[in-house]
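Please open the structure in your viewer and display the side chains.

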Amino acid sequence: MKIIVPMAGMGKRMRPHTLTVPKPLIPIAGKPIVQRLVEDIAKVCGEQVEEVAFIIGRFGETVEKSLIKIAESVGAKGTIVYQDEPLGTAHAILCAKESLSGPLVVAFADTLFKADFTLDTSAAGTIWVQRVDDPKPFGVVKLDENGQITDFVEKPQEFVSDLAIIGIYYFQDGEYLRDELQFLLDNDIKDKGEYQLTNALENMKNKGTTFVPGRVTEWLDCGNKDATVFTNQRYLEYLQERSENLVSESAKLVNSVIIPPVYIGENVVVTDSVVGPHVSLGDHSNVRSSVVSNSIVQQSASVLHSNVTNSMIGNFATVTGTPNDLSLGDYNTLRV
């Protein structure tokens with residue numbers, strides 16, 4: 001089994017947090033979004049992952065080394081390939097053409113999920129979906145009476161289905177997928193000016209490929225600050241349900257109250273403060289004389305004499321004073 005992870009963009013909707021790192025490396029409960037994604041896919045695959053191919057922009061050596069370590073953490077080889085032009089989802093996946101062979105999962109790196117199934121690898125293809133209240137902003141699938149996918153509809157303005165495609169796909173035959181993606185590029189078949197994976201899926205279906213839905217129990221978006229903070233909240237609850245240890249032994253908690261679920265990283269110092277619920281404190285962060293709830297505080301950041309909620313505070317940033325709802329990027333200082 002292989003995992004193909006397109007993550008080429010920095011993530012404009014997540015600025016200022018993506019000015020220095022790509023969005024998939026922003027932490028959720030102490031681990032980068034893309035690491036959580038890869039680990040969760042490896043769990044539901046039910047078999048060994050041999051390779052994780054990351055499709056990225058030119059993010060630099062530090063980011064690439066981090067991604068290789070993520071692949072190695074699930075016992076797989078890490079591969080880095082580049083998408084230098086944003087030409088669509090089909091083009092992004094095809095950038096990893098050397099890795100498109102055998103059974104594989106394609107997972108776009110701005111989403112997380114909760115699932116209680118093991119992937120059925122006997123199916124030719126599985127499209128992971130989640131029922132949503134308003135399907136208009138999403139690509140959706142239609143099913144027949146046998147539960148097989150009959151149609152892919154992109155952002156329907158009239159109701160056709162409420163099963164939204166969440167951006168994770170299983171293909172039994174990677175070479176077949178590669179050939180269908182190449183066909184789109186060779187024949188300049190675009191939708192809204194880009195080469196789209198859904199066009200390849202439609203062509204495969206028309207040739208007799210059977211696609212079935214894989215239904216997750218929860219779909220967690222990381223598209224903007226508020227969505228990412230909520231995803232951190234839900235993921236902390238999920239890890240608490242699994243009885244995972246979320247507080248590092250090296251953390252120093254002095255005269256403070258911790259309200260679970262809270263993730264506290266290595267060498268964190270919390271003094272005279274209340275932290276939680278739903279807070280992630282990155283390694284080497286410092287909280288003093290403060291109240292922090294429902295927030296992500298990244299590595300080596302400081303929160304001093306503040307009341308912070310529903311916030312993201314970047315690496316090496318410092319907050320002093322009494323702000324409430326914050327989105328503060330790396331290396332910034334805010335005093336109120």
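The stops below concern aromatic rings and the charges placed over them.

The model is predicted: local features need pLDDT of at least 70, side-chain atom pairs count only at pLDDT 80 or more, and totals for chains, interfaces and linings use all residues. Residues are numbered from 1 along each chain as its sequence is written, and side-chain values use heavy atoms, with hydrogens and water left out.

Begin with all aromatic side chains: a search of the whole structure finds seven aromatic pairs. Rings of Phe, Tyr and Trp (its six-membered ring) pair if their centres lie within 6.5 Å; planes under 30 degrees apart count as stacked, over 60 as edge-to-face and the rest as tilted.

Select tyrosine 169 and phenylalanine 171. Their ring centres are 6.4 Å apart and their planes stand at 20°, so this pair is stacked. Both tyrosine 169 and phenylalanine 171 are buried (under 20% relative accessible area, with a 1.4 Å probe and protein chains only).

With phenylalanine 171 it forms an edge-to-face pair, 6.4 Å centre to centre and 85° between the planes. Phenylalanine 171 belongs to strand β11 (residues 163-171) and phenylalanine 211 to strand β12 (residues 211-215), so the pair ties together parts 40 residues apart in sequence. Strands are DSSP runs (E, at least two residues), numbered from the N terminus. Phenylalanine 211 is buried, at 1% relative accessible area.

Finally, select arginine 58 and tyrosine 82. The charged end of arginine 58 sits over the ring of tyrosine 82, 3.7 Å from its centre (the criterion is NZ of Lys or CZ of Arg within 6 Å of the ring centre and within 35 degrees of the ring normal).

Methods
Buried means under 20% relative accessible area, exposed over 50%, partly exposed in between (1.4 Å probe, protein chains only). Helices (H or I, at least four residues) and strands (E, at least two) are DSSP runs, numbered from the N terminus.
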